[in-house]
Amino acid sequence: MAGFSGKTVLVTGSGAGIGRATALKFAAEGANLVVSDIHVPGGEETVAMIHSAGGKAMFQHADVSRLADVAALVAGAVDQYGQLDCAVNNAGIEGKIAPLADQAEDNFDAIMRINAKGTYLCLQAEIRHMLQAGGGTIVNLASVAGLIGFPGLSPYVASKHAVIGMTKNAALEYGKAGIRVNAVCPGGIDTRMLDSLAEQATSGAQSSSQMMDPLHPLGRIGTPEEVANLIVWLSSSEASYMLGAIVPVDGGYVAQ
Ligand code: NAD
């Protein structure tokens, strides 16, 4: 793996879960981290973990669904480190489980605002900077729910299909400018989000592992680190010919 020494990496939603694991992995590879989250204690804890491992990181609060926050986030990264080389648009929510006809309007709006519009606003701000800087890499967090449907999760599925669409468009529009945009599609990953989905689906009767392990051909859910490994590789020079790729990291889920 080519190192990230001297590179600046922004990870949204890195106060927990996949975002935190990704920030820790980049920092271990030598990157300067911009840790961002709507949840301040989680973000500060990630920064403390990076510092205690000898890495470099700053925290900046941002709600990815707010244009002013996103603009300030990218500006803050450039102010602190002089540049932004890599971005990971990871912040997202799962929302409430219900059949489509029973979904509340505010659940649809919240999921689309954070997962779809949030990713879009981040792409815009990051690409504007990277165009001036002469290039960069961006990885968007889609999901297996961006490739196939999941009963009960129609707003989430719609938002992740949107993330895949904007990933392809950004890749087509900015590849020649040296900006590589790709997306990853995790299967069930052991985080708070999967715990919430298992709790809702089984009314607390089953853990995420009990509910989801058998659904994956590898026989288990994944770890945040297994997703982080792919994200960091896609951001590295070893992935120099990857553009507009939509890459599952799902224990075989969509091979079924
Ligand atoms: P998580 O809930 O553990 O972490 C998400 C983080 O995003 C939290 O720290 C949260 O505070 C932050 N966040 C939420 N709304 C935000 C906002 N408006 N602005 C900024 N930060 C915000 O979830 P996770 O499982 O680590 O999910 C990370 C990403 O991976 C999400 O986009 C999710 O949809 C995707 N994903 C997760 C799974 C899974 O099984 N866990 C599977 C496929 C895709």
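What is the volume of the largest cavity? Read on for that, but first a look at what surrounds it. Keep in mind that this is a predicted model.

## The sheet

Seven strands make up an open sheet, paired in parallel and ordered β3-β2-β1-β4-β5-β6-β7. The two edge strands are β3 (56–61) and β7 (246–249); each has a single partner strand, so one side of each is left without a neighbour in the sheet. On average, and ignoring direction, neighbouring strands here are turned by 20 degrees against each other.

For a closer look at one pairing, take β4 (residues 86–89) and β5 (residues 136–141): they run parallel and are joined by four bridges. Pick out Ala-87 and you'll find its bridge partner in β5 is Ile-138.

## Helices across the strands

Helix α1 (residues 17–28) lies across β1 (8–12), β2 (32–37), β4, β5 and β6 (179–186), and its direction is at about 170 degrees to β1. Helix α3 (residues 67–81) lies across β1, β2 and β3, this time running at about 155 degrees to β3.

## The cavity

Back to the opening question: the largest cavity has a volume of about 30 Å³. A search of the whole structure turns up one cavity of 30 Å³ or more.

Who lines it? The lining of the largest cavity consists of Thr-12, Val-64, Asn-89, Asn-90, Ala-91, Gly-118, Thr-119 and Cys-122. Helix α4 (residues 105–133) gives the most to this lining, with three residues. Sorted by class, the lining has five polar and three nonpolar residues, and no charged ones.

Notes
Residues numbered from 1 in each chain as written. Predicted model: local features only at pLDDT ≥ 70, side-chain atom pairs only at ≥ 80, totals over all residues. Heavy atoms only, no water. Pairing = 2+ DSSP bridges. Axes fitted to C-alpha atoms, helices over the stretch in contact; angles between N-to-C directions. Contact = heavy atoms within 4.5 Å. 1 Å grid on protein atoms, 1.4 Å probe; cavity = no way out; pocket = protein on both sides within 12 Å on 5 of 7 lines; lining within 4 Å. Points joined across faces, edges and corners; volume = space filled by probe spheres on them. Nonpolar A, V, L, I, M, F, W, Y, C, P; charged D, E, K, R; others polar.
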